[in-house]
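Hi,

Here is the structure I promised to pass on to you. Have a look at it first, and then read my notes below.

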Amino acid sequence: MFHFSKTLTFLPQFLTGAAITLGVSALGFLVGTLIGFGLLACGRSRWRVVRWIGALYTSFIRGTPLIVQIFVVYYVLPGLVGIDLPPLLAGVLALSFNSAAFVAEILRAGLTRIPSGQYEAAKALGLKPVVTWFKIIMPQLMRSIIPPMVNEFTMLVKASSILSVIAVAELTHTAQNIMNVTYRPVEAFCVAAVLYFIVLFSCSLLTRHLERKAGGARA
Amino acid sequence: MSFDFAVITDNWQILARGFGNTVLMCAVSLPLGFALGVVLALVRLRGGRVPAAIVSAYVELFRNIPFLIQIFLLFYALPMFGIRLSPVVVSIGALSAYASAYSAEIIRGAIQSISYGQVEAGYALGLRYLTIFRKILVPQVLGYILPAATNLTITLIKESAILSAITVPELTYMAQNIIGRTFSPVEIFTAIALLYWGLTALVAAISRSLEHRLQPHLAARRGA
């Protein structure tokens, strides 16, 4: 019933697709983290309007499906801004906008875990706010956010399969293309599923390991 | 560029039908998936080594393969075995299986979060098991499950949009249909984004009020 021989001759294409999946996810994660820090700054802003915009953005991203966000970036944004986005760029942008909201929440939660005594002690020692932020707060924040950030990257890899709807040549879209050549859809998606599982399961194991390590260090 | 509200008002019935299907599919698959999740969690905790290993393989497979790939596999594999079902039924099956894997983990975590010492303490105080179950175990398990179940519900609503890829007549698919006829992505995508946003916000609000009603003592302590 299953005939994998024909599908497996396309293994190099599958691996290229997997590499593109990892590439767009990593890029989206990187840009998303940068925007996430911006959102964090919005949330701690002095002006209520800025805080409000940040909260609205986060709520919108977390409350709407990624597929709709991808369509908005790919079909709506060019009309509003007046530039045509190639699928790859639109895809990376959509992933970035999406992960930014989740990264901002991770950062916010991480900051609440740092006791206010740390800021006060730094102030008492006469450290400038910039020094306090980069030498005292950031190192502690980084340590506590690593497990949830790895988890967020895992979610992003999983979500990136939806980019196939705007024809980004990642793993899912590669599987669809190969299915159109071999007429063997189940085999093509099985190969894609195995590749996704290898990547995602190792990421989840890493998250679990990091969480256990962090939990042990604090106890 | 101008925002043409007429496109939305002209097609509101199609959008409403899609929205109804989205709500219906999620409303059916959530209890189904949750019930299956309870069984899976119990098998994993009490079912012996081999059944537990099978359940944990099931859970990890559904959690570590993108939902889009899962529905493509289901959509193309079922006809190979001579099973022909309507897209809506396939979708409910896929959403339920997905929800069951996640809720199994939620329930397992909830059960493991309660130490057996509490049951023993209840017995030591002379309480009957039913009282212990109702007054000590259930409130704590619910307090653990409710926020996680809310997140799962919202995730499920959002994942259901992906079903548009296999031509299920839910909200996103209906939107794509309208756009195919009217070439007005801005208005229609804005409309469905707001519909999804409203739906998930409603779920979150219901969950918050439930949480207050279930655990007034905790709500008071949190100052909420």
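How many helices and how many strands are there in chain B? Chain B has 10 helices and zero strands. Its pattern along the sequence therefore reads α-α-α-α-α-α-α-α-α-α. Please keep in mind that this is a predicted model.

**Chain B as a whole**

If you draw a box around the C-alpha atoms of chain B along the principal axes, the box comes to roughly 70 × 50 × 25 Å. Chain B has 224 residues, and 34% of them count as buried. Take the contacts in chain B with a separation of 6 or more: 78% of these involve residues 24 or more positions apart.

**A pair of helices to look at**

**Where the two chains meet**

Now turn to the place where chain B touches chain A. Here 27 residues of chain B are in contact with 28 residues of chain A. Helix 4 (67–80) and helix 9 (185–214) of chain B each supply at least two residues of the chain B side. The largest share, nine residues, comes from helix 9 of chain B. The chain B side is made up of 21 nonpolar, four polar and two charged residues.

Leaving aside residues up to four places away in sequence, Val68(A) touches Ala161(B), Thr172(B), Phe189(B), Ile192(B), Ala193(B) and Tyr196(B).

**The nonpolar core**

Val68(A) turns up again in the largest nonpolar core, which has 102 residues. Val68(A) is among the residues with the most contacts inside this core, together with Ile67(A), Ile70(A), Ile162(A), Ala192(A), Ile162(B) and Ile192(B). Helix 5 (residues 87–112) of chain A gives the largest share of the core, 13 residues.

Enjoy exploring, and write back with any questions!

Best wishes

How values were computed: Residues are numbered from 1 along each chain as its sequence is written. Chains are lettered from A and ligands numbered from 1 in the order in which they are written. This is a predicted model: local features need pLDDT of at least 70, side-chain atom pairs count only at pLDDT 80 or more; totals for chains, interfaces and linings use all residues. Two residues are in contact if their C-beta atoms, placed from the backbone, lie within 7 Å. Helices (H or I, at least four residues) and strands (E, at least two) are DSSP runs, numbered from the N terminus. Ala, Val, Leu, Ile, Met, Phe, Trp, Tyr, Cys and Pro count as nonpolar, Asp, Glu, Lys and Arg as charged, and the others, Gly among them, as polar. A residue is buried if 20 or more other C-beta atoms lie within 10 Å of its own, exposed if 12 or fewer, and partly exposed in between; C-beta atoms are placed from the backbone. A nonpolar core is a set of buried Ala, Val, Leu, Ile, Met, Phe, Trp, Tyr and Cys residues joined through C-beta atoms within 7 Å.
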